[in-house]
Amino acid sequence: MKKIIPFVIVCLLMIACGQTENEKHVRTRAEKARLDSIDKASLKVGVMPTLDCLPVYLAKESHIFEDLGVEVHLKYFTAHMDCDTALIGGSVEGSISELVRAEKLQEKGVALDYPISTNTYWQLITGKRARINELSQLSDKMIAMTRYSATDKLSDIAIAKGKPKYDVYRVQINDVKVRLMMMLNHEMDAAWMTEPQASEAIANGHKKLMDSRDEDVQWGVFAFRKASMNSANRKKQLALFIKAYDRAVDSINQKGVQHYGKLIAKYCGTHDKGIKALPKIHFQHAGKPNSIDINKVK
């Protein structure tokens with residue numbers, strides 16, 4: 001009898017543990033289902049570690065979205081190509097983008113709307129060891145860029161202007177963080193960079209060769225899937241998103257970009273040297289891009 005009692009106790013403990021483990025799995029599944037439901041109902045927006053997303057990051061961190069009563073889930077990517085994939089698959093309702101890529105997606109049948117035009121710009125940065133001082137010296141050099149994008153189009157313009165004697169090699173480096181790292185490690189002759197990566201590269205001794213702002217085209221947009229924004233609820237969410245965006249823009253313009261250095265460091269991975277090198281940038285309120293700009297990129 002004495003031998004049976006410990007055996008029974010062990011069995012009861014095993015059953016109890018099993019029930020506890022099962023209950024944990026049930027709770028985990030229930031919690032996952034709850035979170036999935038919240039995510040599905042939220043407005044999901046793709047963002048990147050670039051300065052054109054700063055108003056959205058500020059609206060999130062300062063609880064502006066929350067105060068206005070809109071649930072916004074930010075989906076973080078480091079390459080526009082991944083933003084495109086999310087838009088195509090519908091895992092986000094909208095995303096940071098630029099007109100060349102967005103118009104390419106529309107050609108593929110992904111109908112988009114552009115409620116926000118951004119002042120995104122790119123600079124052609126050359127490595128300090130590459131000894132490139134003018135566009136003609138891009139001859140036989142490598143440029144980091146992305147195919148079917150603003151940087152691809154800008155490479156066309158740079159080559160047409162510089163008329164280099166030999167070929168210019170376009171190397172597809174989609175990840176903006178990798179592109180910066182390759183420049184800092186002297187693995188690339190030149191690279192197209194937006195902010196804050198461009199300022200970080202310049203702060204580390206690399207040179208600006210060309211600026212997209214000289215081409216008189218406003219390239220950047222937040223693009224939203226038309227198919228995802230048909231319901232009254234989604235339209236209300238987008239209206240509140242835009243309202244929050246504009247509030248954040250007002251704060252940035254009033255206090256200056258560098259005031260939000262910690263936020264830029266958190267989301268963009270920029271170091272103090274790069275943040276201090278950032279120029280004064282005036283953000284604009286949400287508004288559709290000019291049709292002239294759309295026609296130019298087409």
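Modeller: One definition before we start: a salt bridge is a side-chain nitrogen of Lys or Arg within 4 Å of a carboxyl oxygen of Asp or Glu. And keep in mind that this is a predicted model.

Biologist: Which residue forms a salt bridge with D211, with the closest N and O atoms 2.7 Å apart?
Modeller: D211 also meets K208, and there the N to O distance is 3.8 Å. The pair at 2.7 Å is another one, and D211's partner in it is R213.

Biologist: How many residues apart in sequence are K266 and E61?
Modeller: Their side chains meet in a salt bridge, 2.8 Å from N to O. K266 lies in helix 10 (residues 261–268) and E61 in helix 2, so the pair ties together parts whose separation in sequence is 205 residues.

Biologist: How are helix 2 and helix 9 oriented to each other?
Modeller: The axes of helix 2 (residues 54–61) and helix 9 (residues 232–255) come within 8 Å and cross at roughly 100°. Angles of 65 to 115 degrees count as roughly perpendicular. Helix 2 and helix 9 are therefore roughly perpendicular.

Biologist: And how many charged residues does the contact of helix 2 with helix 9 have?
Modeller: Helix 2 brings residues including L54 and P55, and helix 9 brings F241 and I252 among others. By class, the contact has 11 nonpolar residues and one polar, while the number of charged ones is none: no charged residues.

How values were computed. Residues are numbered from 1 along each chain as its sequence is written. This is a predicted model: local features need pLDDT of at least 70, side-chain atom pairs count only at pLDDT 80 or more; totals for chains, interfaces and linings use all residues. Side-chain values use heavy atoms; hydrogens and water are left out. Axes are lines fitted to C-alpha atoms, for helices over the stretch in contact, and angles run from 0 to 180 degrees between N-to-C directions. Helices (H or I, at least four residues) and strands (E, at least two) are DSSP runs, numbered from the N terminus. Angles under 35 degrees count as roughly parallel, over 145 as roughly antiparallel, 65 to 115 as roughly perpendicular and the rest as oblique. Contact means heavy atoms within 4.5 Å. Ala, Val, Leu, Ile, Met, Phe, Trp, Tyr, Cys and Pro count as nonpolar, Asp, Glu, Lys and Arg as charged, and the others, Gly among them, as polar.
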